[in-house]
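Welcome, and please open the model in your viewer. We will select a few parts in turn and look at what is there.

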Amino acid sequence: MEQTVFSERKQRILSTMIDMYIATGEPVGSKLLADALGNAVSSATIRNEMAELSAAGLLTQPHTSAGRVPTAPAFRLYIDRLMPRRPLSLEQRREIDRVLASAGSDPDRLVRVAADVLAAMTGCAAVSTAPSEQGATVRRLEVMYISPRMAAVVLMTASGVIRNRLCSFDRPVSAAALYETAAQLEACFGGRPLSDITLPAVQGMVLSFGEEGLCRMPILTALLELASEATATEVNLKGQLNLLQCPDYNAECALRLLGFLSHSELLTAMLTPPTDGVQVLLGSESVRPELDGSSLVMAHYRGGNGGEGALGVIGPQRMNYAATIPRMEYLASALSRLLGRLAQ
C-alpha cells in the first residue's frame, strides 16, 4: 500500500467514512462526507482521495452511481490505528457492575450473565466460556441422604464452582453409611486437584470399601462424572436471534452463521488461544467460511483458580467497535475481579 494512503487527510476521510457507514449501513458519497467534515475539504478533493483509497483496496463501490463502503482491510486499519479510544463512563461501569452483582456468589451464573450483558449491550450474538478448572482443587465433597435408595453427590471446587448429581441404589442404604462414605471421600480427595479424581482412583476406593464397595459404586460413579463435568469447558451462547434481525445478513447468511454458532466445540477452539487485551478477527481472518462478512471480538479473563475463560461478540463486520471494545475490556476485568473474590 502506498505511503500516501496514510496521509493525515486520507486517514481522516477514511475514519469519518467508516464511522458513517457503521452508523447507517449505507454507502457514503463525497457530498455527505464533505458535510460530515464541516466542508473543510471540498467534494472534488474527497472524490479524488476516495478514488486513491479504492485503488489501495480500502474502499469498494457497490454500484456505479452509489457511494463507497469500507473493505475488511479498511476496518483493520480503522481498529488498529484510526478508531477513537474512549473509556466507559462511570455510569456505564456501574450499570455493568449492577447486572453482574445480580448473579450473587455463583461463579457459573456470573459467567452466563456476562454473555447476557454483552448480547444486550451490542445487539449481536455473545458467548462466554467458564474458566478452565483443570488446575482447580476440591474444596468440599458431600453425599446427601434423600431416601433409602437415593442420594445427591455435591462437589465444590476451590474457585466456588458447584456441581451436583443424583444417584440411586439397588438396595436401601442408611444415612449413616452415606455420611461415612462422604467422610472417606473428603479424606481421600479434599484439597487435592480435580485431576486426581480418575477412574483408577475410584476403582481403588471401591476396593477399600470392601464388601460395601459395589453398593457405594453409584456414589463414586457420580463423583467421577462430576469431576469430568467440572473440568469441561462450558459455553454460554446468547443473543443468536439478534443476528436474524440484523440488516447486514440475508436469510442464507444468517442461517449459516447460526449453524456455526450451534457447534460449541468450534466456538471453544476459536476462543481458546490466549490473547492480551481485546482481539478482533475480521471475516476471513477467522479462517471460518461461515464468518465471512462477520467479526469476532474476544477477550480473556482470569478465574478464581488461575484458569482463563473467554468472552466473545459475533456480529456483522459493520460493528460499532468503538463502543464494543471498551465494554469488553471492562467486562473481562470485572469478571476477573469478582471471580477472584469468590475464590477467597
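Start by selecting Pro107, Leu110, Ala114, Val117, Leu118, Met121 and Thr122 in α6, which meet Thr324, Arg327, Met328, Leu331, Leu335, Leu338, Leu339 and Leu342 in α13; contact means heavy atoms within 4.5 Å. This contact has twelve nonpolar residues, two polar and one charged (Ala, Val, Leu, Ile, Met, Phe, Trp, Tyr, Cys and Pro count as nonpolar, Asp, Glu, Lys and Arg as charged, the others, Gly among them, as polar). Helices here are DSSP runs (H or I, at least four residues), numbered from the N terminus.

This is a predicted model, where local features need pLDDT of at least 70 and side-chain atom pairs pLDDT 80 or more, while totals for chains, interfaces and linings use all residues. Residues are numbered from 1 along each chain as its sequence is written, and side-chain values use heavy atoms, without hydrogens and water.

The axes of α6 and α13 lie 11 Å apart, at an angle of about 165 degrees (axes are lines fitted to C-alpha atoms over the stretch in contact, with angles from 0 to 180 degrees between N-to-C directions). The two are therefore roughly antiparallel, a word used for angles over 145 degrees.

Next, select α8 (residues 199-208) and α9 (residues 217-231), which pack at about 160 degrees with axes 10 Å apart. That makes α8 roughly antiparallel to α9. Leu199, Val202, Met205 and Val206 of α8 touch Met217, Leu220 and Leu224 of α9. The residues of this contact are seven nonpolar, no polar and no charged.

Last stop: how much space lies in the largest pocket? It holds about 260 Å³. (A pocket is an open set of points on a 1 Å grid over the protein atoms alone, where a 1.4 Å probe fits, with protein on both sides within 12 Å along at least five of seven lines; lining residues have an atom within 4 Å of a point. Points are joined across faces, edges and corners, and the volume is the space filled by probe spheres set on them.) Select Thr122, Cys124, Arg318, Met319 and Asn320, the closest to the pocket centre of its 17 lining residues. α13 gives the largest share of the lining, three residues.

Notes:
Parallel < 35°, antiparallel > 145°, perpendicular 65-115°, else oblique.
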